[in-house]
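Hi,

Here is the structure I promised to pass on. Have a look at it first, and my notes follow below.

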Amino acid sequence: MKSNLESTEKFSTSACAIGIDLGGTCIKYALISPQGDILFNDEDPTDAMASRDNVLQRIITAIDKTLTVASQFKCQVSCVGLGTPGTVDVEAGQVKSGANNISGWNGFPLRDYLAKHIKLPVFIDNDANLIAVGESVYGVARGKLSSLVVTLGTGIGGAILMEGKLLRGTNNASAEFGCMALPFHNAQQELDVVSWESLASAKALVARFQQLSELDSVFYQQEVNG
(Lines give C-alpha, C1' and ligand atoms only; values in the text may rest on other atoms or scores of the structure.)
Protein backbone atom coordinates (compact mmCIF):
# COMPACT_ATOMS: atom_id res chain seq x y z
CA MET A 1 0.00 0.00 0.00
CA LYS A 2 1.53 3.28 -1.10
CA SER A 3 0.47 6.77 -0.02
CA ASN A 4 1.62 10.37 0.13
CA LEU A 5 0.80 11.03 3.77
CA GLU A 6 2.40 14.47 3.91
CA SER A 7 -0.05 15.90 1.39
CA THR A 8 -3.30 14.54 2.78
CA GLU A 9 -4.15 17.15 5.41
CA LYS A 10 -4.72 19.99 2.96
CA PHE A 11 -7.09 17.76 0.96
CA SER A 12 -9.00 16.36 3.97
CA THR A 13 -12.19 18.29 3.18
CA SER A 14 -11.98 17.87 -0.60
CA ALA A 15 -14.11 15.59 -2.73
CA CYS A 16 -11.62 13.12 -4.16
CA ALA A 17 -11.95 10.55 -6.93
CA ILE A 18 -10.83 6.96 -7.35
CA GLY A 19 -8.99 6.20 -10.58
CA ILE A 20 -8.56 2.65 -11.87
CA ASP A 21 -6.35 1.49 -14.72
CA LEU A 22 -7.47 -1.98 -15.76
CA GLY A 23 -4.80 -3.83 -17.69
CA GLY A 24 -4.46 -7.36 -18.88
CA THR A 25 -1.79 -8.00 -16.23
CA CYS A 26 -2.44 -5.56 -13.35
CA ILE A 27 -5.22 -3.46 -11.86
CA LYS A 28 -3.68 -0.16 -10.77
CA TYR A 29 -5.75 2.15 -8.60
CA ALA A 30 -5.38 5.46 -6.81
CA LEU A 31 -7.08 8.06 -4.63
CA ILE A 32 -6.75 11.41 -6.36
CA SER A 33 -7.33 14.96 -5.15
CA PRO A 34 -9.14 17.61 -7.25
CA GLN A 35 -5.71 19.11 -7.96
CA GLY A 36 -4.51 15.84 -9.46
CA ASP A 37 -2.31 14.79 -6.54
CA ILE A 38 -2.12 11.05 -5.87
CA LEU A 39 -2.87 10.52 -2.17
CA PHE A 40 -2.70 6.73 -2.31
CA ASN A 41 -1.98 4.13 -4.97
CA ASP A 42 -1.56 0.40 -5.22
CA GLU A 43 -1.90 -2.46 -7.69
CA ASP A 44 -3.10 -6.06 -7.79
CA PRO A 45 -2.91 -8.83 -10.42
CA THR A 46 -5.81 -8.81 -12.88
CA ASP A 47 -5.87 -12.57 -13.46
CA ALA A 48 -7.57 -11.54 -16.67
CA MET A 49 -8.34 -14.88 -18.29
CA ALA A 50 -9.68 -16.61 -15.15
CA SER A 51 -13.25 -15.33 -15.43
CA ARG A 52 -15.14 -12.07 -15.80
CA ASP A 53 -16.60 -12.39 -12.30
CA ASN A 54 -13.12 -12.80 -10.88
CA VAL A 55 -11.90 -9.59 -12.55
CA LEU A 56 -15.01 -7.71 -11.43
CA GLN A 57 -14.47 -8.81 -7.84
CA ARG A 58 -10.86 -7.69 -7.97
CA ILE A 59 -11.97 -4.25 -9.17
CA ILE A 60 -14.54 -3.98 -6.38
CA THR A 61 -11.94 -5.08 -3.83
CA ALA A 62 -9.55 -2.39 -5.12
CA ILE A 63 -12.29 0.24 -4.78
CA ASP A 64 -13.15 -0.92 -1.26
CA LYS A 65 -9.48 -0.71 -0.23
CA THR A 66 -9.24 2.81 -1.60
CA LEU A 67 -12.48 3.87 0.11
CA THR A 68 -11.02 2.67 3.41
CA VAL A 69 -7.94 4.82 2.86
CA ALA A 70 -10.13 7.79 1.89
CA SER A 71 -12.05 7.39 5.15
CA GLN A 72 -8.78 7.46 7.10
CA PHE A 73 -7.85 10.68 5.29
CA LYS A 74 -11.35 12.11 5.93
CA CYS A 75 -11.65 12.55 2.18
CA GLN A 76 -15.08 12.18 0.58
CA VAL A 77 -15.03 10.16 -2.63
CA SER A 78 -17.33 11.63 -5.26
CA CYS A 79 -16.90 9.15 -8.13
CA VAL A 80 -14.88 6.35 -9.71
CA GLY A 81 -13.21 6.58 -13.10
CA LEU A 82 -12.09 3.39 -14.83
CA GLY A 83 -9.91 2.97 -17.89
CA THR A 84 -10.34 -0.33 -19.68
CA PRO A 85 -8.88 -1.95 -22.80
CA GLY A 86 -11.11 -2.11 -25.85
CA THR A 87 -13.42 0.21 -27.74
CA VAL A 88 -15.83 1.79 -25.25
CA ASP A 89 -19.33 3.17 -25.73
CA VAL A 90 -19.19 5.80 -22.98
CA GLU A 91 -22.91 6.53 -23.19
CA ALA A 92 -23.88 2.87 -22.75
CA GLY A 93 -21.08 2.33 -20.24
CA GLN A 94 -19.72 -0.83 -21.79
CA VAL A 95 -16.84 -2.21 -23.83
CA LYS A 96 -18.02 -3.03 -27.33
CA SER A 97 -15.02 -4.88 -28.72
CA GLY A 98 -11.27 -5.32 -28.64
CA ALA A 99 -10.81 -6.33 -24.98
CA ASN A 100 -9.51 -9.74 -25.99
CA ASN A 101 -7.02 -9.96 -23.11
CA ILE A 102 -9.85 -10.03 -20.53
CA SER A 103 -12.27 -12.94 -20.59
CA GLY A 104 -15.94 -12.07 -21.19
CA TRP A 105 -15.40 -8.30 -21.22
CA ASN A 106 -16.87 -7.34 -24.60
CA GLY A 107 -20.52 -6.31 -24.33
CA PHE A 108 -20.72 -6.47 -20.54
CA PRO A 109 -22.57 -3.51 -18.83
CA LEU A 110 -19.49 -2.60 -16.80
CA ARG A 111 -20.43 0.89 -15.63
CA ASP A 112 -23.89 -0.03 -14.36
CA TYR A 113 -22.64 -3.20 -12.67
CA LEU A 114 -19.95 -1.36 -10.72
CA ALA A 115 -22.21 1.58 -9.83
CA LYS A 116 -24.80 -0.82 -8.42
CA HIS A 117 -22.27 -2.56 -6.21
CA ILE A 118 -20.28 0.42 -4.91
CA LYS A 119 -23.11 2.99 -4.72
CA LEU A 120 -21.08 5.71 -6.43
CA PRO A 121 -21.17 7.32 -9.88
CA VAL A 122 -18.89 5.41 -12.26
CA PHE A 123 -17.37 6.69 -15.50
CA ILE A 124 -15.59 4.38 -17.92
CA ASP A 125 -13.63 4.94 -21.11
CA ASN A 126 -10.82 3.40 -23.08
CA ASP A 127 -7.64 3.43 -20.98
CA ALA A 128 -5.55 5.24 -23.60
CA ASN A 129 -8.26 7.89 -24.02
CA LEU A 130 -8.15 8.63 -20.31
CA ILE A 131 -4.34 8.77 -20.34
CA ALA A 132 -4.53 11.33 -23.14
CA VAL A 133 -7.05 13.44 -21.24
CA GLY A 134 -5.01 13.17 -18.03
CA GLU A 135 -1.84 14.26 -19.78
CA SER A 136 -3.66 17.20 -21.36
CA VAL A 137 -4.95 18.39 -17.96
CA TYR A 138 -2.06 17.55 -15.63
CA GLY A 139 0.86 16.20 -17.65
CA VAL A 140 3.21 16.71 -20.58
CA ALA A 141 0.43 17.72 -23.00
CA ARG A 142 -0.92 20.44 -20.74
CA GLY A 143 -1.62 23.58 -22.76
CA LYS A 144 -1.35 21.72 -26.07
CA LEU A 145 -4.35 21.64 -28.39
CA SER A 146 -3.41 18.36 -30.05
CA SER A 147 -1.53 15.27 -28.88
CA LEU A 148 -1.15 11.58 -29.59
CA VAL A 149 -0.71 8.77 -27.05
CA VAL A 150 0.49 5.21 -27.60
CA THR A 151 0.18 2.74 -24.73
CA LEU A 152 2.37 -0.34 -24.55
CA GLY A 153 1.36 -3.09 -22.13
CA THR A 154 -0.25 -6.49 -22.42
CA GLY A 155 -1.69 -4.98 -25.60
CA ILE A 156 -1.09 -1.80 -27.61
CA GLY A 157 -3.57 1.08 -27.53
CA GLY A 158 -3.69 4.73 -28.44
CA ALA A 159 -5.58 8.00 -28.32
CA ILE A 160 -5.68 11.24 -30.30
CA LEU A 161 -6.65 14.68 -29.02
CA MET A 162 -7.51 17.22 -31.71
CA GLU A 163 -8.07 20.82 -30.60
CA GLY A 164 -8.63 19.63 -27.06
CA LYS A 165 -11.20 16.97 -27.92
CA LEU A 166 -10.88 13.20 -28.15
CA LEU A 167 -11.01 11.90 -31.70
CA ARG A 168 -13.25 8.85 -31.25
CA GLY A 169 -13.99 7.94 -34.84
CA THR A 170 -16.28 5.24 -36.13
CA ASN A 171 -17.26 2.76 -33.41
CA ASN A 172 -14.93 4.58 -30.98
CA ALA A 173 -11.94 2.91 -32.61
CA SER A 174 -10.07 5.83 -34.17
CA ALA A 175 -6.77 5.23 -32.39
CA GLU A 176 -6.58 1.48 -31.89
CA PHE A 177 -3.02 1.47 -33.17
CA GLY A 178 -2.42 -2.09 -31.99
CA CYS A 179 -4.82 -3.31 -34.69
CA MET A 180 -2.77 -1.83 -37.53
CA ALA A 181 -1.99 -4.49 -40.14
CA LEU A 182 1.72 -4.97 -40.83
CA PRO A 183 3.62 -7.24 -43.23
CA PHE A 184 5.46 -10.09 -41.54
CA HIS A 185 7.51 -13.06 -42.71
CA ASN A 186 6.61 -16.21 -40.79
CA ALA A 187 8.94 -19.07 -39.86
CA GLN A 188 8.63 -20.45 -43.39
CA GLN A 189 9.60 -17.02 -44.76
CA GLU A 190 6.13 -16.63 -46.25
CA LEU A 191 4.73 -13.10 -46.33
CA ASP A 192 1.85 -12.70 -43.92
CA VAL A 193 -0.18 -9.84 -42.42
CA VAL A 194 -0.37 -9.47 -38.64
CA SER A 195 -1.37 -6.80 -36.14
CA TRP A 196 1.20 -4.48 -34.55
CA GLU A 197 0.01 -5.69 -31.14
CA SER A 198 0.84 -9.31 -32.00
CA LEU A 199 4.41 -8.21 -32.78
CA ALA A 200 5.27 -5.48 -30.31
CA SER A 201 3.07 -5.62 -27.20
CA ALA A 202 4.75 -6.57 -23.93
CA LYS A 203 3.02 -9.95 -24.11
CA ALA A 204 4.31 -10.54 -27.65
CA LEU A 205 7.85 -9.42 -26.79
CA VAL A 206 8.03 -11.74 -23.78
CA ALA A 207 6.80 -14.65 -25.90
CA ARG A 208 9.39 -13.83 -28.58
CA PHE A 209 12.16 -13.62 -25.99
CA GLN A 210 11.19 -17.03 -24.61
CA GLN A 211 11.17 -18.47 -28.10
CA LEU A 212 14.62 -17.10 -28.87
CA SER A 213 15.94 -18.28 -25.49
CA GLU A 214 14.76 -21.81 -26.27
CA LEU A 215 16.47 -21.67 -29.67
CA ASP A 216 19.70 -20.44 -28.05
CA SER A 217 19.50 -23.32 -25.59
CA VAL A 218 19.08 -25.83 -28.42
CA PHE A 219 22.03 -24.37 -30.36
CA TYR A 220 24.16 -24.40 -27.19
CA GLN A 221 23.38 -28.07 -26.55
CA GLN A 222 24.25 -28.89 -30.15
CA GLU A 223 27.61 -27.13 -29.77
CA VAL A 224 28.34 -28.92 -26.50
CA ASN A 225 27.44 -32.30 -27.92
CA GLY A 226 29.53 -31.67 -30.98
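K74 sits in the loop between α1 and β5 and has a positive phi of about 55 degrees, although it is not a glycine. For context, most residues other than glycine have a negative phi.

Before you go further, please note that this is a predicted model: local features need pLDDT of at least 70, side-chain atom pairs count only at pLDDT 80 or more, and totals for chains, interfaces and linings use all residues. Residues are numbered from 1 along each chain as its sequence is written, and side-chain values use heavy atoms, with hydrogens and water left out.

Q189 also has a positive phi, near 60 degrees, and is a residue other than glycine. It lies in the loop between β12 and β13 (191–195), and Q189 counts as exposed because its relative accessible area is 59%.

Now the overall picture. The protein chain has five helices and 13 strands; these are DSSP runs numbered from the N terminus, with helices being H or I of at least four residues and strands E of at least two. Of the 226 residues in the chain, 35% are buried. Taking contacts (heavy atoms within 4.5 Å) with a separation of 6 or more, 51% are between residues 24 or more positions apart.

On to the packing. A nonpolar core here is a set of buried Ala, Val, Leu, Ile, Met, Phe, Trp, Tyr and Cys residues joined through side-chain atoms within 4.5 Å. The largest one has 35 residues, and I20, L31, I59, V80, W105 and L110 have the most contacts inside it. Elements giving two or more residues to this core include β2 (15–22), α1 (52–72), β5 (76–84) and α2 (110–118), and α1 gives the largest share, eight residues. V80 touches I18, I20, I63, I118, L120, P121, V122 and F123, leaving out residues up to four places away in sequence.

D127, A128, N129 and A132 of α3 are buried, and what covers them includes β2, β5, β8, β9 (147–152) and β10 (156–162).

How many cavities of 30 Å³ or more does the structure hold? There is one. A cavity is a set of points on a 1 Å grid over the protein atoms alone where a 1.4 Å probe fits but cannot get out, and lining residues have an atom within 4 Å of a point. About 60 Å³ of space lies in the largest cavity, volume being the space filled by probe spheres set on the points, which are joined across faces, edges and corners. Its lining consists of N126, N129, G158, L167, R168, N172, A173, S174, A175 and E176.

Finally, C179 is in the loop between β11 and β12 (181–185). C179 counts as exposed because its relative accessibility is 59%.

Cheers

Definitions and conventions. 1 Å grid on protein atoms, 1.4 Å probe; cavity = no way out; pocket = protein on both sides within 12 Å on 5 of 7 lines; lining within 4 Å. Buried < 20%, exposed > 50% of the residue type's maximum accessible area, 1.4 Å probe, protein only.
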